[in-house]
Amino acid sequence: MRRTVALFRPNGGKPVTKHMITLQKAPSPRNVALMIVRRAQKRTEAQRTFIDQLCKSDPTAATVYSLAQEFGSLLRHLEGKPGLEQWKAAVRASGIAELITFVEGLADDTEAVVNGCTQSWSNGIVEGFVNKVKWIKRSSYGQAGFPLLQRRVLLHPTQKCA
């Protein structure tokens with residue numbers, strides 16, 4: 001009976017592992033976006049395979065992938081304003097509407113974007129703390145006054161920077 005039933009199983013009677021299930025399901029759009037912007041050295045083998053297949057099957061996806069990698073390199077290696085302008089020109093030449101909209105959105109805060117491409121320091125930690133305080137404030141809106149807000153902010157656990 002066992003041998004007969006095994007013939008009807010999709011994996012030929014082999015036990016199904018989490019790895020097999022993960023490879024059979026297509027990743028969500030958010031996970032694909034994270035795979036695309038992640039450095040190649042930090043991707044798993046399955047992610048590398050998926051990105052390779054995606055780029056081979058769709059030339060637009062291949063263009064998006066290369067432009068995203070160029071933008072990441074631009075930010076990591078602090079290539080400055082000339083590198084940013086060159087990347088923007090490449091995006092406009094690609095003709096991909098979503099990326100062109102992204103570039104036009106960057107124009108709204110050009111100075112900050114150029115500084116992000118040239119300066120080695122960032123105020124991201126400060127922005128993170130401001131965001132945390134705003135979240136705590138919103139979560140207790142209308143329930144208590146400033147003393148409780150102050151206490152919650154001071155007692156809220158913080159993540160240590162490595």
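A residue is termed buried when its relative accessible area is under 20%, exposed when that area is over 50%, and partly exposed in between, as computed with a 1.4 Å probe on protein chains only. The structure is a predicted model, in which local features need pLDDT of at least 70 and side-chain atom pairs count only at pLDDT 80 or more, while totals for chains, interfaces and linings use all residues. Residues are numbered from 1 along each chain as its sequence is written, and side-chain values use heavy atoms, with hydrogens and water left out.

Rings of Phe, Tyr and Trp (its six-membered ring) are paired if their centres lie within 6.5 Å; planes under 30 degrees apart are stacked, over 60 edge-to-face, and the rest tilted. The count under this rule is 3 aromatic pairs. In one of them, the ring centres of Phe71 and Phe102 lie 5.9 Å apart with planes at 90 degrees, so the arrangement is edge-to-face. Because Phe71 belongs to helix α5 (residues 59–76) and Phe102 to helix α7 (residues 97–106), this pair ties together parts 31 residues apart in sequence. Helices (H or I, at least four residues) are DSSP runs, numbered from the N terminus. Phe71 is buried, at 17% relative accessible area, whereas Phe102 is partly exposed, at 39%.

Phe102 also forms an edge-to-face pair with Trp87, at 6.3 Å centre to centre and 85 degrees between the planes. Trp87 lies in helix α6 (residues 80–94) and Phe102 in helix α7, so parts 15 residues apart in sequence are tied together. Trp87 is buried, with a relative accessible area of 5%.

Definitions and conventions:
Helix = DSSP H or I, 4+ residues; strand = E, 2+ residues; numbered from the N terminus.
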